[in-house]
Amino acid sequence: MGMPNLARQQQVSELYHAALLLEPPARTPFLQRHCGSDDGLRAEVSSLLACDAEAADFLEQSPSIVANPSPPAASIGSCIGPYQVVAHLGAGGMGEVYRARDSRLGRDVALKMLPTSVTTVPDRQRRFDREARTLAALNHPNIAAIYGVEESAGNRALVLELVEGQTLHQRIHGSVGETLGTGPDARPGARTRRGPVPVREALGIADRIADALGAAHEQGVVHRDLKPANVMISSRGAVKVLDFGLARPFPGEPTAVDIRHLDPVRSAAIAGTAPYMSPEQVMGRPTDRRSDIWAFGCVLYEMLAGRPAFAGADVGETVRRILDGVPDYAALPGAVPWRVRHLLTRCLERQPDRRQPDFTSVQRAIAESLLDLEDAPIADAARTGLSRRGAVVLGVMACAMIALVSSVWSNSPAALLPQSVVPLTSLEGHENYVSFSPDASRFAFSWEGDNVGHEGVYVQQIGVERAVRLTRPTGRDLSPVWSPRADLIAFVRQDDVRSGLYVVSATGAAERKLVDYASAGLHTCLGGCCLNRVIAWSPDGRWLVLSGAVIGSRAGTFAVPVDGGAPRLLVEMALPLINDHVSPTVSPRGDALAYGACSGEFSCFVEVVPLDQQFVASGRPRRLTALPRAVNGMAWMPNGRELLVAQASVWLNEFSLWRMDAFARRAPERVDVAGTAYYPALSADGRRLGFSRRTFDVNLWNVEDGRVAINPASSTHSDYDVNLSPDGTRIAFTTDRQGGASEIWIADRNGSNPTPVTQGTLSAGSPRWSPDSRLLVFDRLSEDGRAHVYVVDPRDRQPRRLTSWNYGDWLPTWSHDARWVYFNSAASGSREVWKVPAGGGEPMRVTEHGGSVGVESLDGRLLYYHRQVAGSSRDRLIARSLDGGGEREIDDVFNWAYAVAQDGVHYLRPPRGSSAPEQYDLCVWDPQAGETRVTATIAAEYMHANLTVSGDGHVAMIGAVDSASTDLMMVENFR
Amino acid sequence: MSDGAVTALLIDWRAGDREALDQLIPLIADELRRLARHQMAGERPGHLLQPTALVNEAYLRLVDVQRVAWKDRAHFFAIAARLMRRILVEHARAQHADKRGGAHPPVTFDELVLGGPETPEQIVALDDALQALARTAARKSEVVELRYFGGLTVEETAHALAISAETVMRDWKFAKAWLLRELRGAPNRRA
């Protein structure tokens, strides 16, 4: 089989894109120049270029389905012709198997005689016939074909492809399996390679098995009896999966193995199968394709380890092991890549819903593993030393939930006083990963500058505005860290596929790569950078610590010698509970390593592991935190006893700094830096604290007669959903300035006197003023995730719910006469505009065929709403006459960003291109003239769906044009 | 199925809870199939239904749209794209088998026939070609899956795959040419 050749593919892709930039006549010479003697490469690229023009429209339209209920196909005839039995081959899962000659076609086939339990019960027979036909359609190179069903003298036989070779069982164990093993290789004395299958070969075979099973699953066929004895390796190395689906017990037949009452006959019958039965199968629960995933895991394990994953002295013990245990992963050879181990844990997951979902993902993991195998090997000493420790870590994890060191996630006021925070940088875009030079006079960081998508490492003197780029814009240079010896800066260079650990001198010279690695996989995107901090220096500057890396067959946190040499594993990831390591930091004396051990972007625990003088982990990792949080950056305090940790929870996606005792003797304290903070760095003396801060995001903008300006009400928090009161004096808006869930605030029109109106624990939003500018309607999320609509008087702040049902109602608006409140509801089963009397009462449905966010015109004659265009993500703005007239489509609209004024409906038209920042047109549609005019164009990285206009239409406010930016901040004299 | 559960699962999943994904997939798949059946019921033959519209509809029904971030929408559509591809291909394979007078596998999409510009054979061939592409360029194949079967925009695709929009465009362009060549059976294939 062809190994995936990623480098080749990349070469093809690059040449293809480069050639496309040239005029067609110039392409051939270009390819000749760049492909040299590689004719295959040139032909490959040329053939792609030849398709380029035609491919322009190809796949651009989404596929269509035509309703055409067709009658079921007629059953095919199963007349195949006479077969002459040549030899008895053995007993298969369901009956005796013979070698037979098809005299018509002159070929040999396998005939499998079926037991009477299949042939005598009509229902089963039909089912069998149907399955046989389904299998006949499974035309797959790795599935032994079924030629048909033969019937004679009351006996039924399956006619099967005869595969010459040995079974996988024979390949591993040398003994004769129970199925169709035949041909020269099966004979004793023939080629007898036994024992574990080499990793690459095993992965190749596994890939073929997965391909076969995946194809079968797509046809709704489940194998249910996959085992090494059912996989043939032909003499030419082809892989064939046998006995497809037919061994499956029919419904009603007991499948449970009662280990107390195993009769000898049944015991013998399942002896060959038991080790591959899934837990649900063993327990007699319904089985499905996920049972095949389990069995596949068993087969892959057995190939690699040379022995079954679950096998006991007898069936009873085997079954107990399946139900109670996990396979002995330590029995896998060291050369088995990390991803394969991970894949095994995912396939051999006892809960079916937690298993690897399908064989497509299995195959992807195999392909990636084959790539991993091409990576540099790790030092052997480290490997043997650490696999034991890895096992210990796993054991510890199991108890971790009980033995947790206490930790408190507290929202209580900070114990530490705020200190003065000054900006270190205020460049455009995102600056991240500040790291101080040892004398704390300079700092390094990552920034894109003018090279979008290619961050470079920059160095800047504190107090000097100019940043100097050290690295060329080739990939993404992230996570720079200044060495304690001051001479080097280490960083990670990423492209789309690979990562490398590099060092460069602090003057930008002598860049060199220390190691290539694969990133462990979690994407944490913060402030434009999608990589957590992953590097730390040892205090003596001899080692770099690299976290979240996959090198060779191991994943975890590595120690990489700066002066060359193989990386060695410091802490292995405790799969499957932990699948990423982030934010490493080494204690000032070099005697401990702290890092975040993560099972998800927002599920990391801070762990500390002691290090010995050889910079080797010398004990078990200790957990400092009990609750899963995002961890984005840690720094060890110079006292060696405390850590500074940037954490956030998924519910409160705001990073804040916490001071934690490294021995977990005290609860963490929040460090107040007057705002969000992540990727903290401390100077060597601990007096300077640097960190990243996202400067917000969401602001209010005014558009006044075509001019766009920021609204003075904007804060450093997220302010959006702005609504201007009809009398023009006040605004209501949604904000997170209280730090928790979003709430409704009001302010004067210019933003002064901001005052909260609502208070709660779940997000409120979408405030709209009543026509008399006295009341507000808004929506609020409820505990079960649905929203409800409320009305509130800002003076007494006592919200009253308008509907009593629970369908998910949101985005309320007022009718022009304030008698009704329109809202969005799923009450009818689809999203429609509804209305309810403003004083309470029965809701009424307004739209019939889908509609969202109804807004009445000021004269009450038209209702504007929007509807998604079927098959696209576009929304159309619609006007409907409330006097009973029809609908009229106006234009594309950006979600519900429309509002009414005397001159018509104002709306935001979404950008058409794919450039960032994107251009939104602010338009107004005049219902009298039926015409649209553009009043302003607004560039935004990110638009909130919200617009408000003054009654005369001259002033519009847009909830939140986002100009996301990340800056580096510093606290002087940090305590 | 309440709106809240899927919304919460989406949020959990984005938060790194992988089990949430395992719970989401069957919910979304069921809804897609249910919608397809529902929309087909009583329709005369020849009625056109766009899978991407189904995906949208499933999204609107299952998810509290206002309360999830744009990113979660992309994730939802990414899952749905995969499921939609599977449903279409399952169905196409079934049709294909029928036409050959062969089996009638137990797929649950019996009411639908693929048609329009794509024959079942073409859908199956496209799926095969996509699988072939995935072996050397998994990401490119995923881009096609999300864009074609899921109707994701370039930006949503970029987000779902955690790559830049520019990369999505390049992958998309390359993959289309590659697939077209495969489907045409151009003599020059990779070994």
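## Strands and pairing

Strands (E, at least two residues) and helices (H or I, at least four) are DSSP runs numbered from the N terminus, and two strands pair if DSSP finds at least two bridges between them. This is a predicted model in which local features need pLDDT of at least 70 and side-chain atom pairs count only at pLDDT 80 or more, while totals for chains, interfaces and linings use all residues. Residues are numbered from 1 along each chain as its sequence is written, and chains are lettered from A and ligands numbered from 1 in the order in which they are written.

## An open sheet in chain A

In chain A, four strands form an open sheet in the order E43-E44-E45-E46, with antiparallel pairing. Strand E43 (809-814) and strand E46 (844-845) of chain A are the edge strands, each pairing on one side only. E43(A) is joined by four bridges to the antiparallel strand E44 (residues 820-825) of chain A. Opposite Trp810(A) stands Asn824(A) in E44(A).

## Nonpolar cores

A nonpolar core is a set of buried Ala, Val, Leu, Ile, Met, Phe, Trp, Tyr and Cys residues joined through C-beta atoms within 7 Å. A residue is buried if 20 or more other C-beta atoms lie within 10 Å of its own, exposed if 12 or fewer, and partly exposed in between, with C-beta atoms placed from the backbone.

The largest nonpolar core has 96 residues, and those touching the most other members include Ile489(A) and Ile535(A). Strand E20 (residues 543-551) of chain A gives this core its largest share, seven residues. A second, separate core of 75 residues includes Met232(A) and Phe359(A).

## Chain B

Chain B has eight helices and two strands, and 55% of its 191 residues count as buried.
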